Amino acid sequence: MVGAHYRLLNPALVPSGYDLLTYFYPYRVAVADALAQGRLPLWNPYIFGGAPLFANIQAAVLYPPNLATLSLPPFSAFIVLVFFHLWLAGLGMYLFSRLGLGLGLPAALLSGVTYGLSGFLAQQLGHPNQTAASAWLPWVLLGTVGLMRGRPLGLPLTALFLGLQILAGHPQETYLTLVAAGLLAIYEAGRNRSRPAIIGLVGLGAAVGLGFGLASVQVVPSWELSRLSIRGGGGLSYREAVSFSLPPWELLRALLPTYGDNPFNEFIAYVGFVPLGLALAGALGGGGRPYRVFAIFLGALSLALAMSAYNPLSPVLYEVVPGLRMFRVPARWLLLYTFAAAILAGIGLEAGLFDRRRIQRVRGAAVWLAGLAVLGLILLSWQPVLTLPEGAARTVWIPALALMAFLAAFWPAGLPGARFLGWVLVVVAAVELGLAVNGLEISRSFPAAFLDEARPALSQLLLEKEPNVLSLVDTGFQPGDTAGIMGAWSRGYTGAQVSEGLIFLKYREAVVPNLGMVYRIPSIDGYDGGLLPSAAYWAFKQAWLEYEAARTGQPQIAEGLHADSQLRFDLNVVPDTAILSGLGVRYLAMDKTRDLWVDGVYFDLGTAADLGWGDRRVYSLPPRTWATAVGIISRPAPEAHPASGEVVATVTAVAPEGPFTFALRAGVETGPGPSGARAVKIADGEAYLKVFKLPGPVQVSQLMVEGASSNRLILRAVSLVDERTYAVEPVPLDPALRMVHSGDLKLYRLLTDRPKVYLARDWQATALPDQAVRAMARGQVVVDRQPGFPAGPSWVFAGESVQVERPRPEEVRVRVRTARPALLVFGEAYFPGWTASLDGRPVDPFRVNYLFQGVEVPAGDHEVVFRYQPESLQLGLLVSGVSVGLWALALGLGVALGRRAGEP
């Protein structure tokens with residue numbers, strides 16, 4: 001294990017897996033900080049506008065190995081957990097093969113090495129919860145075998161292993177484990193056909209129930225969250241459930257090591273050429289050895305289900321198989337293929353060690369080898385269908401496939417010196433699997449110091465008290481200091497390592513997708529792929545993006561939406577700022593990859609102004625904005641057909657010397673035609689740049705634009721230029737925005753933002769997300785029922801105040817002074833478990849702006865307290881307490897009965 005993953009032992013480097021850095025690292029920091037403060041991390045205020053944290057099972061808050069490593073820095077803990085779980089997986093597979101299947105020492109070792117160093121586990125090291133849950137699979141099946149054989153300790157051990165796997169935090173792996181355990185129990189019952197086997201099936205059901213009972217403190221809150229999540233109700237749609245299925249043409253690259261030319265990480269499930277050759281030997285030459293048929297069936301079934309989207313039976317299975325529709329990424333069924341291949345590899349090695357019918361087998365082996373060779377030639381020549389690796393992997397494959405075919409054909413025939421060769425094959429398999437790790441995601445790393453590298457945009461946000469941010473950054477941008485970073489870190493680190501570090505720095509500066517949890521910067525966006533976001537969030541997001549598609553004339557915004565996609569992938573324009581204000585957004589972060597530089601002048605294309613007759617926009621500029629020229633990029637609206645020379649808009653720069661007004665004429669300053677305008681390419685087509693000279697250096701305080709024609713004009717960018725100093729002041733074309741930072745990224749400050757907690761009186765009652773979006777675009781607050789006071793302007797009267805104290809994420813205390821009845825809005829997610837009290841009396845919270853919560857407060861001075869204390873946690877704790885007592889009783893009975901039966 002250490003030899004294969006030795007790169008992880010360098011304390012100066014950090015693994016660079018995307019999910020590890022942007023998902024598990026933030027959760028690890030948040031959980032560790034909370035537990036260090038002596039509180040259970042129930043609520044996460046930093047993603048999706050607020051969401052349950054403890055109930056999100058992927059956080060694995062109560063998983064014992066996670067708790068045992070809390071005192072370590074996040075990535076040191078990760079490294080310890082990696083090696084522990086790989087050792088646990090290999091040991092569990094060895095014990096299952098040795099004690100459960102009755103294999104000899106070398107065969108059991110081969111099974112353990114094959115499973116513990118398999119491609120599936122190696123590639124999933126960036127998903128700590130998945131690696132942890134996978135490690136418990138052989139342990140649960142070892143307990144299942146004991147149960148089916150009437151061993152008294154089988155029930156409590158199976159329950160304990162299953163409970164630990166549940167707490168590890170990957171329900172899909174638990175589901176796969178239960179499928180494998182059920183099939184194994186049925187197979188064992190079919191083999192024995194005895195009364196103890198039937199009792200064992202009942203015992204397995206009891207063990208599963210007890211295992212879930214032990215983990216109920218986690219299971220019950222997670223079940224509550226799942227009911228309200230995108231997987232609630234009927235589960236995922238068929239299209240989502242079969243997403244990330246293993247394509248048949250990737251089968252060879254998925255099941256064989258490729259040494260760097262890897263398929264998508266969820267498709268990797270190699271077990272090595274030597275183990276796979278022995279697995280084929282076990283499948284075809286293992287004779288009547290127990291569990292051979294079980295392993296063949298389990299492997300074939302898992303491969304078929306891994307290719308769900310390409311399996312004609314998949315729609316039927318989706319409808320009839322319980323639980324199947326709750327999960328996506330069918331390729332994760334490759335876990336059971338890996339387990340089955342490890343069993344068959346052990347069986348195959350055992351067959352060659354103890355089978356003495358050599359001469360009788362040689363002829364059949366030769367025929368089998370010839371068949372394999374023909375099949376191999378067919379597969380390798382089937383280029384239009386099967387994807388083959390590039391580079392050195394192809395060279396390695398030729399002798400490796402020949403060795404695999406030789407083992408599959410001749411090993412069961414009983415080769416001379418088989419016992420010695422058996423040990424050699426175990427060692428070769430370990431070395432081969434250790435080398436195969438090269439090129440996997442976990443082998444990539446970057447300097448650990450990059451975790452704390454200062455970045456300008458992030459530093460700006462950290463200065464703010466409530467820096468609620470929506471980041472729409474495309475992290476494909478190139479940092480301006482790339483050359484400096486590469487040069488500074490070139491000594492002691494490879495170029496690849498520094499490049500990986502640059503990628504992380506981009507995530508860090510953009511605060512995406514969940515890195516706000518590390519820096520305590522809240523966002524309305526987030527990334528999960530599990531039980532989040534909530535179904536309510538998804539309904540609102542759909543309605544919002546449909547509104548933006550209609551508002552901007554870009555229908556693609558609302559096409560092909562995915563429930564767990566990030567907003568930064570869905571939106572390429574600045575959304576309606578009134579809706580952003582209603583969602584609590586204070587800062588908007590964007591990259592500059594769609595912006596334009598012309599002759600050294602920067603033009604911000606992140607916003608636009610649609611001007612018709614009489615439309616007027618006024619933009620206030622920062623103090624001491626000097627300019628000698630104004631650059632304007634514009635184009636006629638798609639449906640506009642102005643006459644050549646028609647004035648379609650005017651632009652006025654207000655300065656102490658007086659206003660300076662410029663006309664934008666169709667075909668002259670804007671639009672095609674022989675004019676002084678310059679055609680420029682922008683992301684959404686072609687536009688026209690015109691630079692207007694001011695009479696001299698003037699200090700511009702305001703810029704006004706006004707539509708002058710029924711033929712609408714789209715203003716795409718305006719920049720003030722001081723040609724003496726080359727200073728440029730880009731003007732955001734939404735008056736509700738002000739650019740407060742311009743570097744690799746740009747930060748807009750919403751001038752109409754609202755604090756986390758505020759008073760509101762201008763409301764509209766609706767429970768429909770599309771109506772909520774439209775009302776928010778009008779600046780109204782949306783509630784799910786009628787308050788006890790009429791709607792009116794949300795004026796702030798003299799003496800009114802809102803004072804907020806938040807001692808912990810799960811509690812908010814508000815002192816309110818109001819002259820008239822109002823809604824007190826708390827801008828975090830409305831979710832079961834949140835309670836509110838007004839002057840010590842419980843009150844029923846409203847759903848506000850479809851996602852958030854609030855209460856009605858009468859005139860006067862009041863104290864309002866919001867608390868998150870879910871009853872599901874209390875119920876889960878009670879069930880777990882009872883289950884611990886039952887488990888202790890079962891363990892005691894098991895020990896007593898085992899002693900009476902004379903078991904060790």
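Let's start with an open sheet of five strands, which run in the order β24-β25-β31-β27-β28 with antiparallel pairing. Here, strands pair if DSSP finds at least two bridges between them. Strands (E, at least two residues) and helices (H or I, at least four residues) are DSSP runs, numbered from the N terminus. At the edges stand β24 (801-808) and β28 (841-843), each with a single partner strand, so one side of each has no neighbour in the sheet. From one strand to the next, the twist averages 25°.

Before going on, a word about the model: it is predicted, so local features need pLDDT of at least 70 and side-chain atom pairs count only at pLDDT 80 or more, while totals for chains, interfaces and linings use all residues. Residues are numbered from 1 along each chain as its sequence is written, and side-chain values use heavy atoms, with hydrogens and water left out.

Now for some helices. Two packed helices are described by the angle between their axes and the distance between the axes. Helix α9 (residues 171-192) and helix α15 (residues 292-306) pack at about 150°, with their axes 11 Å apart. The axes are lines fitted to C-alpha atoms, for helices over the stretch in contact, and angles run from 0 to 180 degrees between N-to-C directions. The two helices are therefore roughly antiparallel to each other, a label for angles over 145 degrees. Their crossing is right-handed, meaning that the near helix is turned clockwise from the far one by less than a right angle.

Which residues make the contact (heavy atoms within 4.5 Å)? From α9 come Ala 180, Leu 183, Leu 184 and Tyr 187, and from α15 come Arg 292, Val 293, Phe 294, Phe 297, Leu 298 and Leu 301. Nine of these residues are nonpolar, none is polar and one is charged. Nonpolar covers Ala, Val, Leu, Ile, Met, Phe, Trp, Tyr, Cys and Pro; charged covers Asp, Glu, Lys and Arg; the others, Gly among them, are polar.

| Peptide bond | Omega | Loop holding the proline |
|---|---|---|
| Val 512 to Pro 513, cis | near -20° | between α23 (495-510) and α24 (516-519) |
| Leu 532 to Pro 533, cis | near 0° | between α24 and α25 (535-552) |

Arg 624 isn't a glycine, yet it has a positive phi of about 60°. Arg 624 lies in the loop between β10 (616-620) and β11 (626-636). Is Arg 624 buried or exposed? At 66% relative accessibility, Arg 624 counts as exposed, where exposed means over 50%, buried under 20% and partly exposed in between (1.4 Å probe, protein chains only).

Asn 849 also has a positive phi, near 50°, and sits in the loop between β29 (846-848) and β30 (852-857). With a relative accessible area of 0%, Asn 849 is buried.

Note on methods:
Angles under 35 degrees count as roughly parallel, over 145 as roughly antiparallel, 65 to 115 as roughly perpendicular and the rest as oblique. Contact means heavy atoms within 4.5 Å.
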